[in-house]
Amino acid sequence: MTEAILEPDLPIIDPHHHLWDLRPMLPMFPQPHHPFIAAIIPNAYYTFDQLHAHMTSGHNIIGTVYMECGAFYNGAYGDALKTVGEVEFVNGVAAQSASGLYGPARYCAGIVGHADLTRGAAAGQVLDALQAASPRFRGIRHAAAWDKDAAVLGAPFHHPEGLYRDATFREGFAELGKRGLTFDAWLLEPQLPDVIDLARAFPDQPICLDHVGTPVGAASYKGTLHERFDEWRRNIRELAKCENVVVKLGGLAMAFCALPEEGPAAGHGSEHLAALWRPYIETCIEAFGAERAMFESNYPVDYWGADYAVLWNAFKRLTRSASAGEKAALFAGTAARFYGIEDLLG
């Protein structure tokens with residue numbers, strides 16, 4: 001769907017996108033017809049050219065933050081350090097953008113990688129290697145998304161139950177603070193108490209909750225979004241009491257969420273998407289405030305339900321009544337501050 005770009009001059013830092021080449025791995029996915037797999041197959045190859053096409057589709061994207069996704073690992077480094085390959089690859093993409101040959105935007109100005117925190121204190125060695133791999137490295141994400149119904153996520157995206165409460169994980173988690181690194185948390189809505197407990201246990205550790213906590217409307221949760229909303233909202237408000245936590249406003253076009261149910265890129269307009277997402281986005285902004293919330297594309301995963309340009313139009317519709325200062329924070333300022341890329345703001 002093509003729409004006129006709303007507020008085309010508003011500066012945006014997209015703080016959550018991926019790069020990957022999944023083509024060699026697609027035959028290995030055990031559930032090729034799972035909605036999430038169906039969503040990423042059209043974008044199985046997503047590197048600089050594809051990213052650049054989306055970033056230049058009309059909105060004023062001034063920079064981005066790359067989010068780990070298990071891509072471009074280097075097995076030659078050994079099992080513990082193979083994740084360094086991802087940061088090295090993305091740093092090259094960032095350098096390509098920083099050349100200025102493709103415009104003034106700075107793609108991957110911040111890089112979030114991955115280290116296995118279940119290695120405990122030994123994870124510190126991996127964090128040091130990640131920092132050495134790129135001056136753009138800012139922190140890690142260690143996902144914890146789990147549900148007793150394995151069909152919700154599909155096998156490739158299923159993590160251990162109760163990961164954020166695990167003692168050895170927390171030993172590794174403590175290594176982040178020693179190095180001034182950020183942490184991105186991804187888990188599902190029923191698991192929100194786990195990240196609340198983690199944030200309380202480490203009140204000085206900057207934590208970003210991805211995808212508004214990922215409401216679930218697929219598989220055994222189909223048709224339950226409305227009845228689960230109050231529990232989600234209660235947990236979001238409780239998490240917002242932790243001043244070390246910020247929230248990403250997005251990810252709602254993922255197949256897990258069923259907002260919309262149809263995909264991929266079902267062709268919904270921004271007005272329809274804004275109406276679907278309004279209860280979640282407005283609740284988060286009310287709870288966290290604009291200074292602790294940031295809009296995200298989660299591309300190309302959110303291709304399932306939203307074209308890139310239409311997605312940002314939907315976010316802009318949701319902030320029509322916001323002040324100029326609030327918009328500046330939600331679309332760029334919060335991301336710049338959390339990931340230490342304030343220089344993008346001029």
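Is R23 buried, partly exposed or exposed? R23 is partly exposed, with a relative accessible area of 48%. Buried means under 20% relative accessible area, exposed means over 50%, and partly exposed lies in between (1.4 Å probe, protein chains only).

This is a predicted model: local features need pLDDT of at least 70, side-chain atom pairs count only at pLDDT 80 or more, and totals for chains, interfaces and linings use all residues. Residues are numbered from 1 along each chain as its sequence is written, and side-chain values use heavy atoms, with hydrogens and water left out.

## Salt bridges

The structure holds 23 salt bridges. A salt bridge here is a side-chain nitrogen of Lys or Arg within 4 Å of a carboxyl oxygen of Asp or Glu. Three of them are set out below, including the one made by R23.

| Pair | N to O distance | Relative accessibility |
|---|---|---|
| R23 and D21 | 2.8 Å | R23 48%, D21 23% |
| R228 and E189 | 2.7 Å | R228 25%, E189 3% |
| E238 and K241 | 3.2 Å | E238 23%, K241 58% |

D21 counts as partly exposed.

Now take R228 and E189, which form a salt bridge. R228 lies in helix α7 and E189 in the loop between β7 (182–185) and α6 (192–201), so the pair ties together parts that are 39 residues apart in sequence. Helices (H or I, at least four residues) and strands (E, at least two) are DSSP runs, numbered from the N terminus. R228 is partly exposed. E189 is buried.

## Helix α8

Helix α8 covers residues 270–288. Where does α8 bend? The bend is at W277, by about 55 degrees. That angle lies between axes fitted to the seven residues ending there and the seven starting there. A proline, P279, follows within four residues.

W277 is also one of the buried residues of α8. An α-helix has 3.6 residues a turn, so residues three or four places apart point the same way.

What covers these buried residues? The cover includes α7 (225–240), β9 (245–249), β10 (293–295) and α9 (308–318). Contact means heavy atoms within 4.5 Å. Just after α8, G289 takes a positive phi of about 80 degrees.
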